[in-house]
Amino acid sequence: MIREIVKHPAEILTQVCKEVTEINEEIITLLDDMYETMVEYDGMGIAAPQVNVPLRIAIVELGEERTLIEMINPTVIETSGSSVDIEGCLSFPGLYGEVERPSYVKIEAHDRYGQVYQLEAVDYDARCILHEIDHLNGILFDSKITLVYTEEELEEMFEEE
């Protein structure tokens, strides 16, 4: 089921989300709904508070093959490096800006079956993972933007490439 995207300045977006204590049918349904919602709105990732659920759950699609990664109670184990790139967010329609983030991340999380896994990611994939984990901590990307772009400016940049 496609859910409504919560838009800034909704209070839920700035709250630290609660740990998931049990992975049950409700959580599985939430993961499925988050995926459908992300695809519908053409996102690369989405966090539970963006669909009005204050739980530590996020999903991202990684790599050119867009492999779906489900993160329940993710924790960042390690980061390194630094890169600046343009980000957008489903909760901030029309806002795009340059954000500096680590270029490497290692996380640990649970999957929908309750299994613990670790994952390493670099560059754009690391950026997507860290953006979604920020959501779970009530940190929004607009607070990290160093340079704002309009949709028109972005379109011009892509046309030039």
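Q: What makes β4 (83-88), α2 (123-136) and α3 (151-160) part of the lining of the largest pocket?
A: Each of the three supplies at least two residues of that lining. Lining residues have an atom within 4 Å of a pocket point, and a pocket is an open set of points on a 1 Å grid over the protein atoms alone, with protein on both sides within 12 Å along at least five of seven lines. The element names come from DSSP runs, where helices (H or I) need at least four residues and strands (E) at least two, numbered from the N terminus. This is a predicted model, in which local features need pLDDT of at least 70 and side-chain atom pairs pLDDT 80 or more, while totals for chains, interfaces and linings use all residues. Residues are numbered from 1 along each chain as its sequence is written, and side-chain values use heavy atoms, without hydrogens and water.

Q: Why is the pair of Phe92 and Phe141 called edge-to-face?
A: The structure holds 1 aromatic pair. Rings of Phe, Tyr and Trp (its six-membered ring) pair if their centres lie within 6.5 Å; planes under 30 degrees apart count as stacked, over 60 as edge-to-face and the rest as tilted. Here the centres of Phe92 and Phe141 are 5.4 Å apart and the planes stand at 75°, so the pair is edge-to-face.

Q: What makes this pair a tie between parts of the chain?
A: Phe92 sits in the loop between β4 and β5 (96-101) and Phe141 in the loop between α2 and β8 (145-149), so the pair ties together parts that are 49 residues apart in sequence. Both Phe92 and Phe141 are buried, with buried meaning under 20% relative accessible area, exposed over 50% and partly exposed in between (1.4 Å probe, protein chains only).

Q: How do you know that strand β2 (residues 57-62) is largely enclosed?
A: Count its residues: 6 of the 6 are buried, so β2 is largely enclosed by the rest of the structure. Ile57, Ile59 and Glu61 point one way and Ala58, Val60 and Leu62 the other, and all are buried.

Q: How do you know that β2 pairs with β1 (residues 45-47)?
A: Two strands pair if DSSP finds at least two bridges between them. β1 and β2 have 3 bridges, in the antiparallel sense, and Ala47 has Ala58 as its partner in β2. On its way to β3 (residues 67-80), β2 makes 6 bridges, also antiparallel.

Q: What makes β1 and β7 (116-122) edge strands?
A: The open sheet has 5 strands in the order β1-β2-β3-β6-β7. β1 and β7 each pair on one side only.
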